[in-house]
Each structure stands twice: as C-alpha cells, then as structure tokens.
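Student: Could you walk me through some features of a protein model? I would like to learn how to read them.

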Amino acid sequence: MASRDNKNRIEKTIVTILLVLGGFLVSIPFLWMILSAFKPESEVLAFPPTIFPENPTIENFVHLFTKLDFGIYFMNTVIIVFASFVGLLFNAMAGYGFAKYSFKGRDKLFFLVLATMMIPGQVTMIPVYLLLNEVGLTNTMVGIILPGLAVAFSIFLFRQFMTTVPDDLIEAARLDGAGEFYIFFRLIIPVAKPIFAVQGILTFIAGWNSFIWPLIIASDDSLYTLSVGLSLLQGQYASNFALQMAGAAFMVIPIIIIFSFFQKYIVEGFTMSGIK
Amino acid sequence: MNRLSGKPINKFPYLFIAPAVILLVIFFIIPIIIAFGVSFTDMDLKGLANFSNVSFVGLENYTDLFSDEKFLKSIYNTAFYVVIGVPLVIISSLSVALMLNYGSNWLFRTFRGVYYMPSITNIVAIAVIWGYLYNTDYGLLNYILSLISIDKIPWLQEPTIAKISLIILAVWKGIGINMIIFLAALQGIPKSYYEAAEMDGANRIQILFNVTLPLLRYATFFVTVTTLIGWMQFFEEPFVMTDGGPLNGTLSVALFIYKEGFQFSEFGYAAAASFVLFIMIIIVTLVQFKFSKSEADY
C-alpha cells in the first residue's frame with residue numbers, strides 16, 4: 001500500500017508541475033500585456049525588450065481617456081451590457097415557458113429556437129443589416145442592441161434548468177392564488193439563481209466584448225464600443241504598443257476580476273444543465 | 001381561467017415565450033429566407049438605395065463563386081484551419097481537463113481560472129496583444145527564439161506560417177470553454193467506476209482508455225460538433241490580425257463573406273457565399289451525427 005501511495009504522490013506532483021508550467025505558458029500574453037501597459041512609448045520598442053518596465057508610468061491609461069474617446073466607448077459598452085440583461089430576462093421567460101407549460105405548437109416552436117443555433121452569423125449578418133437599414137435603425141443604439149437580445153443557446157440552458165423545478169411548487173403557488181407572472185418573478189427567479197449566475201456572467205462577457213455587430217451598424221464614433229475603439233487604436237497607433245496594451249488591459253482586466261469572483265458557478269452551471 | 005377547455009391557462013405560455021421567439025424569428029428565421037432570396041440577385045449598394053436596381057440573376061453568383069480564385073483559396077484555408085485546429089483544440093482541452101480533475105484544492109481551482117481566461121478575453125484585445133508578441137522586430141516570441149539562436153520568424157508575413165500563427169492563437173483561446181465542458185463531464189463520472197477498475201487491477205493508462213474516455217463520449221461528441229462548426233466559421237482572428245493577408249493566405253470563407261458584403265457591398269454575391277458555407281456546415285454536422293450513431297452500435 002505504501003508504495004502505491006508513493007506512486008500516487010509522485011504522479012500528482014508531476015501533474016501539478018505540468019499544470020503550472022502550462023498555466024504559465026497560457027498566461028504569457030496577459031503578463032506581457034500588463035507589464036507593457038506601464039512602459040513609456042520608447043521602451044516598448046526596445047530590443048532586447050525589458051521584462052519589467054524601467055520607468056513605470058500610467059500615462060498610457062490617461063492618454064486613452066484624455067486624448068482618445070475611451071470614456072464614450074466605455075459608456076456605450078455599459079449600455080449594451082445593461083440591454084443584454086433585458087435580453088437575458090426574455091430568454092429566461094422563454095426557457096420557463098417551454099419547460100413548464102404544455103401548449104399548442106410548443107415542440108415545433110422549440111425546434112425553431114434550436115434551429116437558429118445552427119445558422120452561421122455570416123449568413124444573417126447581411127439580411128439583418130438590410131432589414132435594419134429598411135426601418136432606419138442603422139447607426140443607432142437600438143440597431144446595435146436588438147439583434148443580440150434573444151439567444152437560442154441561453155433559452156436552451158434555461159429550459160434545461162427549469163424542467164428540474166418541481167411542478168408541485170408552482171401548483172401550490174397557483175392554489176394560493178398567485179398570478180403566472182407573480183410566480184415567475186417571485187418564485188422561479190429566486191429558485192433559478194444558479195443558472196442566472198452562469199448566464200449572467202456569460203451575458204456580461206458577451207456584451208462587454210461585442211465587436212463585429214457594432215462595427216457594422218455604427219458609423220458614428222459616438223456609438224463605438226470599447227472593442228471597436230481598441231481596433232481603431234491598433235490602426236492609428238500601430239507602433240505605440242504601450243498605448244495598445246493599456247487599451248487591451250482596460251478591456252481585459254474587468255472581465256478577469258468578475259470572472260474570478262464567479263468562476264465556480266460556471267463549472268457548476270455547466271454540470272447542472274446537463275451538457276455532459 | 002378557461003372553463004371550456006378545462007385548462008387553467010392558455011395565453012400565458014405564449015406571453016412568456018413571445019419576446020424571445022419573436023426576436024429570434026425577426027433576426028434569424030426571416031434573415032435566412034432573405035439571404036436565400038438575395039443570393040439569386042445582383043444586389044449591391046445601388047440596390048440598397050433603390051430596389052428597382054436589383055435584378056434576378058439565377059445561379060450566376062453560385063457559378064461565379066466556384067471560378068473565383070479568392071473564394072477557392074478561402075475554402076482551402078478554412079479546411080487547413082479545421083484539419084489542424086480542431087484536433088489540437090480537442091486534445092489540448094481534454095488533457096488540461098484531465099489534469100485539472102486530479103485535485104480540487106486552491107491550486108487546481110486557480111489554474112482552472114488561468115486556463116479559462118483566454119476564452120473570455122475580448123478578441124480585439126487578443127489581436128492587439130498577440131500582434132505585439134508576433135511582431136517580427138520587437139516581438140517577445142522572436143526575442144526568446146533569438147536567445148537560442150533561432151532566426152526571426154515572419155509570424156504573420158508568410159502565408160502558411162501566418163495560418164499556423166492564427167491557429168496557435170485560436171487554440172490558446174479555444175481551450176477554456178471546451179475544458180469546462182470536459183471537466184463537468186469528468187466530475188459527473190461516479191467514483192465507483194474507478195474503484196471497480198482499480199480492484200480489477202487496471203493501471204492508470206488502462207483506466208484512462210477503458211473507463212474515462214468511453215464515458216466522455218457524449219462530451220467529446222458535443223465538443224467536436226461545436227468546435228468544428230466554430231472553426232468552419234473562423235472569422236475574427238484573421239479579421240483582426242491579418243485582414244486575410246498576406247496574399248489572401250489567411251482569408252477564411254467567413255471573412256470572404258464579410259469582405260464581399262461589407263467592404264465591397266456585393267450583397268448578392270456575399271449571400272450566395274454564405275449559403276455555400278451554411279450548406280458545408282450542415283453537411284459536416286450531418287456526417288458527424290451519422291458517424292457517431294454507427295459508432296454507438298457496437
């Protein structure tokens with residue numbers, strides 16, 4: 001027995017070392033981004049490169065907000081994130097509707113929802129642009145937000161979770177005279193907190209990162225998101241890597257912070273929703 | 001309450017699903033019908049301004065596509081990405097998940113986060129950071145290589161190397177989400193299976209191949225299908241890193257569609273290309289489902 005324990009310990013040590021090495025390799029881009037973001041413009045082009053900034057500065061970050069419009073891009077991004085939470089509520093409602101009611105056409109409609117998952121974004125991009133152009137919504141915030149509100153995958157996950165909520169719970173509330181929407185908002189939402197946590201994070205990430213659609217629809221830079229702003233920066237300040245790294249850090253760090261608070265819910269949520 | 005049908009409710013389910021379903025119909029179902037229609041026309045900017053400028057051209061867009069060298073090249077590149085990228089993503093995310101499943105202390109939890117991080121990172125930020133790492137003259141990668149006396153590599157300047165560079169980046173980004181799915185599946189395997197195998201005297205390797213991997217079949221199938229579909233639509237990496245260059249060496253089908261549609265405003269032509277992509281994805285997905293069914297037979 002002792003030799004087997006020993007063998008296990010050696011094995012675990014090897015796995016741990018491999019994990020740490022791999023993790024370090026995976027993190028190099030992030031480390032390099034953060035270190036370079038604090039270097040002055042001249043230092044990022046030094047060869048051989050310095051690892052740690054010799055004259056650390058926050059000037060790059062100041063530059064983003066004073067000389068560039070990152071404040072506006074930030075506000076637009078926040079608006080998109082908030083709007084996508086309204087979409088999250090719609091998806092949850094739909095998931096609940098599909099899971100807990102039987103009604104005419106349910107299975108056909110649900111199949112329709114699933115079918116939309118298989119349509120590549122590039123197929124719908126052009127017609128959605130034509131549609132929005134027809135109703136005059138190109139270059140508006142509404143046009144940026146609307147197409148992303150309903151997400152089939154999200155409806156699917158909500159439905160998977162809602163099916164596990166006991167019917168008796170809902171029946172009991174109905175007998176007490178609660179209305180259907182009251183039941184959903186006061187009973188189901190609290191019960192479904194774990195799945196809301198997962199989807200909330202995913203929705204936040206998707207909204208915060210939204211790039212290609214705002215780029216297509218917005219022609220005014222007052223409607224640009226942080227991603228679009230950052231891609232402009234890459235074009236205009238091609239050789240100022242310090243400034244680019246500061247912009248990237250500003251986009252990436254909030255996500256990392258939020259994610260590290262909530263990451264355990266993501267694994268649990270995926271385990272729960274039965275994708276295995 | 002509707003006494004006639006005996007059911008207590010009937011309008012509520014529709015009220016619950018209406019907002020999401022209506023949005024999906026407007027932004028997915030109707031567009032795909034429009035795309036199909038537009039793909040038989042010569043719709044461009046003039047057509048966008050006034051529909052009388054649009055005329056029906058039958059299958060011309062489709063026949064043009066298959067004699068368009070750029071389009072054929074984009075198909076070749078996409079196949080290159082898929083053939084190399086998909087197995088790489090699956091093998092690396094599975095290996096990371098297997099290693100992370102070894103323990104559950106803070107170290108393993110932290111590294112779970114580390115490996116997941118790239119997949120939640122904004123693609124533009126990634127392009128900016130990797131563009132700097134890949135820079136031929138000032139990049140960190142070439143500097144590290146110079147330390148071991150390897151000549152500068154033109155990471156993004158030579159068509160084939162540029163494709164590989166994009167694959168490295170996309171694999172780095174793709175590990176996270178798939179690893180989480182594998183990890184969720186691994187945690188769902190009952191401990192008793194392992195104990196039984198150990199009692200039978202199976203060693204680690206035997207357990208891996210005879211117990212763990214077969215039980216991960218569904219997760220592997222899910223990951224393979226979604227990864228494959230994702231890589232067939234490979235778009236953002238070449239779009240932000242190379243814009244399809246050098247010499248269209250990194251141009252993917254999805255990027256071809258975007259460029260024809262939104263840079264050259266050839267909506268009809270782009271819509272036809274998007275349908276070709278759609279059909280390719282459907283075929284590949286169906287083949288996989290077929291394949292997985294025959295595999296489950298034994």
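The talk below covers aromatic pairs and surface patches.

Tutor: Keep in mind that this is a predicted model.

Student: How is a pair of aromatic rings described?

Tutor: A pair is described by the distance of the ring centres and the angle of the planes. Over all chains, the structure holds 47 aromatic pairs. Take B:Phe66 and B:Phe71: their centres are 5.8 Å apart, with 90° between the planes, and the pair is edge-to-face.

Student: Is B:Phe71 buried or exposed?

Tutor: B:Phe71 is buried, because its relative accessibility is 0%. B:Phe66 has 46%, so it counts as partly exposed.

Student: How do B:Phe256 and B:Tyr269 pair?

Tutor: Their centres lie 6.2 Å apart and their planes meet at 65°, so this pair is edge-to-face. The pair links distant parts of the chain, 13 residues apart. B:Phe256 sits in helix 13 of chain B, and B:Tyr269 in helix 14 of chain B. B:Phe256 is buried at 1% relative accessible area. B:Tyr269 is buried at 13%.

Student: Which residues form the negative surface patch?

Tutor: They are B:Asp42, B:Glu60, B:Asp64 and B:Glu266. A patch residue needs over 30% relative accessible area. B:Glu266 has 34%, so it is partly exposed. Find B:Glu266 in the loop between helix 13 and helix 14 of chain B.

Student: Which helix gives the most to the nonpolar patch?

Tutor: Helix 13 of chain A does, with 4 residues. The patch covers about 710 Å², and A:Phe38 and A:Ile253 are among its residues. A:Ile253 lies in helix 13 of chain A. At 32% relative accessibility, A:Ile253 is partly exposed.

Definitions and conventions
Residues are numbered from 1 along each chain as its sequence is written. Chains are lettered from A and ligands numbered from 1 in the order in which they are written. This is a predicted model: local features need pLDDT of at least 70, side-chain atom pairs count only at pLDDT 80 or more; totals for chains, interfaces and linings use all residues. Side-chain values use heavy atoms; hydrogens and water are left out. Patches are made of residues with over 30% relative accessible area and no salt bridge: like charges are joined within 9 Å, nonpolar side chains (Val, Leu, Ile, Met, Phe, Trp, Tyr) within 5 Å. Accessible areas come from the Shrake-Rupley method with a 1.4 Å probe; for residues, only the protein chains shown count as cover. A salt bridge is a side-chain nitrogen of Lys or Arg within 4 Å of a carboxyl oxygen of Asp or Glu. Lys and Arg count as positive and Asp and Glu as negative; His and the chain ends are not counted. The place of a charge is taken as NZ of Lys, CZ of Arg, CG of Asp or CD of Glu. Helices (H or I, at least four residues) and strands (E, at least two) are DSSP runs, numbered from the N terminus. Buried means under 20% relative accessible area, exposed over 50%, partly exposed in between (1.4 Å probe, protein chains only). Rings of Phe, Tyr and Trp (its six-membered ring) pair if their centres lie within 6.5 Å; planes under 30 degrees apart count as stacked, over 60 as edge-to-face and the rest as tilted.
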